[in-house]
Structures are given as structure tokens and as C-alpha cells.
Amino acid sequence: MTAPQTPPLRRRIVLTAVRTVKRWAPATVRRRLWDSEYAAGRWDFLDTSQDDLPNTLITKFADGGRILDLGCGTTQNLHLEAGGYALYHGVDISPDAIARARALGRPDSAYDVADVVSYPITGRYDLILLREVIYYLPLRAAARLVRRCGDSLTDGGVVAVIIWNTEMYGRTAAAARRCGLPIVDEFVHAPGAVTLLFGPPATR
Ligand SMILES: C[S@@+](CC[C@H](N)C(=O)[O-])C[C@H]1O[C@@H](n2cnc3c(N)ncnc32)[C@H](O)[C@@H]1O
């Protein structure tokens with residue numbers, strides 16, 4: 001017997017409700033929700049992603065340098081060459097995702113379980129990755145985070161905001177554009193997606 005199909009409307013309502021919780025619920029609830037999704041394998045498909053963009057950005061901007069990856073997930077989809085970077089620092093709200101990242105035993109790496117909205121960034125980085133994460137934040141918090149990242153860039157460093165679906169998350173992309181940092185480049189690397197590269201603030 002085949003399982004009954006979930007009616008599209010019902011599914012849409014559920015997805016909207018989950019997205020609302022991910023944006024607006026207290027950090028403890030969001031943490032539990034993300035963690036349960038990782039435990040259930042909801043995000044396993046990211047581990048085998050063939051998307052080369054993050055690795056291309058790392059080679060271009062952080063060759064031998066320092067990388068901060070906010071909302072990093074399990075990080076299995078990053079192919080970092082040992083010795084090719086000075087530090088890889090991953091931060092995610094899900095303890096399960098961070099446990100899996102740590103288990104990779106990557107050299108020269110550090111990990112934190114934290115909410116990126118309130119995470120205090122210390123030190124300077126050549127590349128700060130915000131891969132598929134800021135649209136899970138309220139618009140203002142997303143823009144504030146991107147702007148705050150700018151203060152932790154080295155001269156010549158970039159914050160890379162990657163959004164896979166601009167139709168769905170166009171307002172987040174627009175909010176990021178208005179964050180106050182200069183956009184040094186932007187490109188479409190897949191249909192419907194956008195990558196925005198921000199440089200350090202004009203004055204520090
Ligand atoms: C779609 S996944 C992307 C994972 C990874 N960046 C990638 O592209 O493979 C979104 C990630 O953002 C994390 N996340 C969502 N909201 C967060 C927050 N407020 N603080 C830290 N991490 C968060 C989730 O736990 C999840 O790992």
C-alpha cells in the first residue's frame with residue numbers, strides 16, 4: 001500500500017510554521033528544532049553536495065588564511081586541504097551538526113555551538129561564510145549580522161552571503177544589500193541563487 005500523499009496546502013502550512021519558529025522562537029527552541037532535524041537526517045543531503053562554490057571562495061580569498069563559517073552545519077561538504085588554510089572556525093546552533101563537524105578531525109579547526117545572532121566574533125578573518133543561513137533570521141538581525149561581520153574582516157577580506165532561492169528569500173537578500181558594507185562582487189552561480197560578497201566597512 002502506498003502512503004497517502006501530504007496535501008500540498010498542508011505541507012506549505014507546516015513549512016511556513018517551521019520557518020516562523022526558526023526565525024522568531026527563543027534560541028533554546030530554535031536550537032532544539034535544528035538539532036532534531038539534523039538527528040532525523042533532514043540535512044544529510046548537504047553532506048554530499050557537489051556545489052563547488054564554497055571551496056572556490058576559500059581558494060580565492062582564504063588561501064593560507066583564516067575562515068569563519070557561521071551556520072556551518074556538519075561542514076562535510078567543504079573540501080579543505082590540510083595546510084592550505086591557517087584556521088577554519090565553524091559555528092552552528094545545532095550541537096549535533098557541530099559534533100559531526102568535530103568528528104571529521106580536521107586540522108587547524110575550531111568549533112562553537114552558538115546562535116550567530118548573538119555570537120561575539122573575535123579576531124579577524126579573510127573569509128566569513130554565511131552559506132544558506134541568514135534567511136533563517138529576522139530581516140533586521142540578518143542585516144545586522146552581515147554588517148557586524150564586516151568589522152572582523154582583514155583588509156581585502158570578504159563576507160560571502162550565499163542565498164540559493166532569491167524568489168523565496170529575496171527580501172533577505174535585499175536587507176543584506178542594505179547592511180552598510182560595500183558590495184565588492186555579486187554573481188549567480190546557480191539558477192535562482194545569488195552570492196553577495198561584501199568588503200570591510202569604508203571606515204573602521
Ligand atoms: C541550510 S543549513 C546550511 C548549512 C551549511 N551552511 C551549508 O551550506 O552546508 C542552515 C544551517 O544554519 C544553522 N543555523 C540556523 N540558524 C542559526 C543561528 N541562529 N545560529 C547558528 N546557526 C544557525 C542550522 O543549524 C544549519 O546548520
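Modeller: A polar contact here is a pair of N or O atoms within 3.5 Å; within protein, one must be able to donate a hydrogen and the other to accept it, and residues adjacent in sequence count only if both atoms are side-chain atoms. This is a predicted model, where local features need pLDDT of at least 70 and side-chain atom pairs count only at pLDDT 80 or more, while totals for chains, interfaces and linings use all residues. Residues are numbered from 1 along each chain as its sequence is written, and side-chain values use heavy atoms, with hydrogens and water left out.

Colleague: Thanks! How many helices and strands does the protein have?

Modeller: The protein has six helices and seven strands, taken as DSSP runs numbered from the N terminus (helices are H or I, at least four residues; strands are E, at least two). Reading from the N terminus, the order is α-α-α-β-β-α-β-β-α-β-α-β-β.

Colleague: And what radius of gyration does the protein have?

Modeller: 17 Å, which agrees with the value near 17 Å for a compact globule of 204 residues. That radius is taken over C-alpha atoms, and the globule rule is 2.2 Å times the number of residues to the power 0.38. The C-alpha trace spans about 60 × 40 × 35 Å along its principal axes.

Colleague: What share of the residues counts as buried?

Modeller: 46% of the 204; buried means under 20% relative accessible area, exposed over 50%, partly exposed in between (1.4 Å probe, protein chains only).

Colleague: Let's zoom in. Where does Asp 92 lie, and is Asp 92 buried or exposed?

Modeller: Asp 92 belongs to strand S2, residues 87-92. Its relative accessible area is 7%, so Asp 92 is buried.

Colleague: Which residues is Asp 92 in contact with, leaving aside neighbours within four places in sequence?

Modeller: Gly 71, Cys 72, Gly 73, Ala 97, Ile 98, Asp 112, Val 113 and Ala 114, where contact means heavy atoms within 4.5 Å. With Gly 73, a polar atom of the Asp 92 side chain lies 2.8 Å from the backbone nitrogen of Gly 73.

Colleague: Now Ser 94. Where does Ser 94 lie?

Modeller: In the loop between S2 and helix H4 (95-103). Ser 94 has a relative accessible area of 0%, so this residue is buried too.

Colleague: Which backbone nitrogen lies 3.0 Å from a polar atom of the side chain of Ser 94?

Modeller: The one of Ala 97. Ala 97 is also among the residues in contact with Asp 92.

Colleague: What does Ser 94 touch, not counting residues up to four places away in sequence?

Modeller: Trp 34, Asp 35 and Tyr 38.
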